[in-house]
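Here is a short briefing on the nonpolar cores and helix faces of this model. Please keep the sequence and structure in view.

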Amino acid sequence: MRSFERSATAYTGGIRVNNLPTRLKQLRAERAVTQDQLAESIQVSSSLIAAFETNRLVPQPDTAKALDEYLGTGNEIQRAAAEARKNRRPAPSWFLPWRKVEETAATLRYFQATLIPGLLQTEAYAREIFASTCLHTDEEVTNRIASRMERQAAILDREDRPAFIFILDAATLRCGPSAIAKDQLLHLADVGARPNVFVHVIPDYAALHAGRSGSITLANIEGGSMVGLLEDFYEDRVEADPARVIGMDRTWHAIAAVALPCDQSRDLILRLVDDHDDSAADLAQVQP
């Protein structure tokens, strides 16, 4: 290969970085395992393996290590994945400060008034949300979903296991096509079972509450200080002004006061899953 051609493609551990998805498929084929089997072996979802093999996501360090161990490739995939992450399109400039907060905070608190928080969204749910805005091309939707899934893996699977507290309105749990909504609810129950993740639901009978005015996101960072994320239609921004953050914190506690405990919230989520099953059964009975 001529020198200018070599410089156009990075190499890591024998893998061309831009060919990492192809290499993963090759290794899997050589061992005659399906995406489902590989996913089960390293304890991730099959959709995540599919995302790696279609270049929508790059394995995070712990996942790359698990792939190397299972596939017997030394540190080949870890090195290639690390290089690939460097070469990926960066997050929007306005989001970088908050991403840094999420990567280091000791406690993260999220209240979403109308949607499932991004860290808890399934790929199908996220796709439905992004596509519904009519503001993005198919490629942009795919890129945004890839970025969201990558963020989930990086933040929720942090080795130091920060505390995550999510508060959702019950009405939010009923939105979306049945198949997508059911899988999203099951995902909520699954993630909520982690020891460092606390999912609370505001029941319908809470009626008007402080959260009706909008979403709130807060983080406790090193040194005990607190910052918030203010959401805007086009751009969100990190809020560090003490007076404003204290106001956000007070509103958060007012919202939390009307939310159900985690165990009751989980029961409600699973009852809504059963409602989807009952609806599907009723539909099957009336079809000729």
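The largest nonpolar core has 33 residues. Such a core is a set of buried Ala, Val, Leu, Ile, Met, Phe, Trp, Tyr and Cys residues joined through side-chain atoms within 4.5 Å; buried means under 20% relative accessible area with a 1.4 Å probe, protein chains only. This is a predicted model: local features need pLDDT of at least 70, side-chain atom pairs count only at pLDDT 80 or more, and totals for chains, interfaces and linings use all residues. Residues are numbered from 1 along each chain as its sequence is written, and side-chain values use heavy atoms, without hydrogens and water.

**Cores**
- Leu-108, Phe-164, Phe-166, Leu-173, Leu-188 and Ile-269 touch the most other members of the largest core.
- H10 gives the most, with five residues.
- A second, separate core of 25 residues includes Leu-38, Ala-39, Leu-57 and Phe-130.

**Helix H8**
- Glu-123, Tyr-125, Ala-126 and Phe-130 are buried in H8 (residues 123–132).
- These buried residues fall within an arc of 160° seen down the axis of H8, so they line one face of the helix; the arc is that of the directions from the helix axis to the C-beta atoms.
- They pack against helix H4 (46–53), H9 and H10, where contact means heavy atoms within 4.5 Å.
- Cys-134 follows H8, and its phi is positive, near 60°.

How values were computed
Buried means under 20% relative accessible area, exposed over 50%, partly exposed in between (1.4 Å probe, protein chains only). Helices (H or I, at least four residues) and strands (E, at least two) are DSSP runs, numbered from the N terminus.
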